[in-house]
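I'm opening my notebook on a new structure today. I'll jot down what I look up, one topic at a time.

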Amino acid sequence: MTQSTTPTNAAVQPVAIGDQLLGPGQPTYVIGEIGINHNGDVDIARQLIDVAAEAGCQAVKFQKRTPEICVPVEQQSKLRQTPWGEMTYLDYKKRVEFGEEEYREIAKYVSERGLHWFASPWDVPSVEFLESFDVVTHKVASASITDHELLRALAATGKPIILSTGMSTIEEIDAAVEIFDRDKLVILHATSTYPMPEEEANLRTIQTLRERYGVPVGYSGHERGLQISLAAVTLGAVAVERHITLDRAMWGSDHAASLEPTGLEHLVRDIRIIERALGDGVKQVFPGEEEPRKRLRRATA
């Protein structure tokens, strides 16, 4: 049975993630997507957490996999050139994957920096792993939207869910949404091209998803630059997620579509300016207009 597709005109209710509310009228929730841009190094992860905190983000996000489950069998033995020498793809994925000790350090450091942290689990054991840290939310990666076994495991946690929708049909999104409690669901519009050209942004989908599902909708961006993410905020995105890196020239698959520290700082700054500039939509005469009004206005019968 598919989810009802009747557009909703009811007011979208905010979703609580930790001590933050995500929804219309709330500050945009900015997520620094560290992902695997730490390259398996906790010190780099700490530096990226610092970048997110100093830029004014509310959260950082990682990715959590069980490599033996997530790497297809036919790819596991393929050789790959890495900064640590030639190794199989399975060994490479293990090399960049953080375990319990590393995440204990990350959880402590994120707390000290006053941020939320969570991850995209790619398999059911990774859900159980993240639950042991009592993360504030779980993120469904776009690649996982059709993994209903994983989605059911995430729904069973009772945590709020952030659902990315890149490379998905509307029918695939319908089926995923049906698994979750809409009162605890935030959807992110996304296009899974790395980096994403502007003609594939399709930002009006933010409104489409909001009307179709009646939940808060944000934006996960993979473009270069800031303009598209900022436009998403003007269209009502309640959250913005962007990959972050110390240097786009670093080795790894996601760095080229990531924001460097200055770019992230400018993104958050400009989001806050847009929030103030959008106002409440009530037409009024502002204090700064009073003097020009008296000096320039002429009323005639």
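**Ground rules.** I'm working with a predicted model, where local features need pLDDT of at least 70, side-chain atom pairs count only at pLDDT 80 or more, and totals for chains, interfaces and linings use all residues. Residues are numbered from 1 along each chain as its sequence is written, and side-chain values use heavy atoms, with hydrogens and water left out.

**Strand 11.** I began with strand 11 (217–221). My helices (H or I, at least four residues) and strands (E, at least two) are DSSP runs, numbered from the N terminus. Is strand 11 buried or exposed? Five of its five residues are buried, so strand 11 is largely enclosed by the rest of the structure. I use buried for under 20% relative accessible area, exposed for over 50% and partly exposed for in between (1.4 Å probe, protein chains only). One side of strand 11 carries V217, Y219 and G221, and the other carries G218 and S220.

**Its partners.** Next I checked pairing, which takes at least two bridges found by DSSP between two strands. Strand 10 (residues 185–190) runs parallel to strand 11, with four bridges. There I found H189 opposite Y219. The chain gets from strand 10 to strand 11 through helix 9, in a right-handed β-α-β crossover. Right-handed is the word if, with the strands pointing away from the viewer, the path from the first strand over the helix to the second runs clockwise. Strand 12 also pairs with strand 11 in the parallel sense, over three bridges. G221 has R242 of strand 12 as its bridge partner. Helix 10 carries the chain from strand 11 to strand 12, and this β-α-β crossover is right-handed too.

**Helix 10.** I then looked at what helix 10 (residues 227–234) hides: I228, S229, L230, A232 and V233 are buried. These buried residues pack against helix 9 (205–213), strand 11, strand 12 (239–243) and helix 11 (261–278); contact here means heavy atoms within 4.5 Å. After helix 10 comes G236, with a positive phi near 105 degrees.

**The loop between strand 10 and helix 9.** P195 sits in this loop, and the peptide bond from Y194 to P195 is cis, with omega near -15 degrees. N202 is in this loop as well. Its phi is positive, about 50 degrees, although N202 is not a glycine.

**The largest pocket.** Which residues lie nearest its centre? I found Q63, R65, W122, Y194 and D254, out of 29 lining residues. The volume is about 570 Å³. Helix 4 gives the most to the lining, three residues. By class I got eleven nonpolar, ten polar and eight charged.

**The largest cavity.** This one has a volume of about 50 Å³. Its lining includes N39, Y92, W251 and D254. N39 is buried, with a relative accessible area of 12%, and its phi is positive, near 55 degrees.

**Terms for the spaces.** On a 1 Å grid over the protein atoms alone, a cavity is a set of points where a 1.4 Å probe fits but cannot get out, while a pocket is an open set with protein on both sides within 12 Å along at least five of seven lines; lining residues have an atom within 4 Å of a point. Points join across faces, edges and corners, and a volume is the space filled by probe spheres set on them. Ala, Val, Leu, Ile, Met, Phe, Trp, Tyr, Cys and Pro count as nonpolar, Asp, Glu, Lys and Arg as charged, and the others, Gly among them, as polar.
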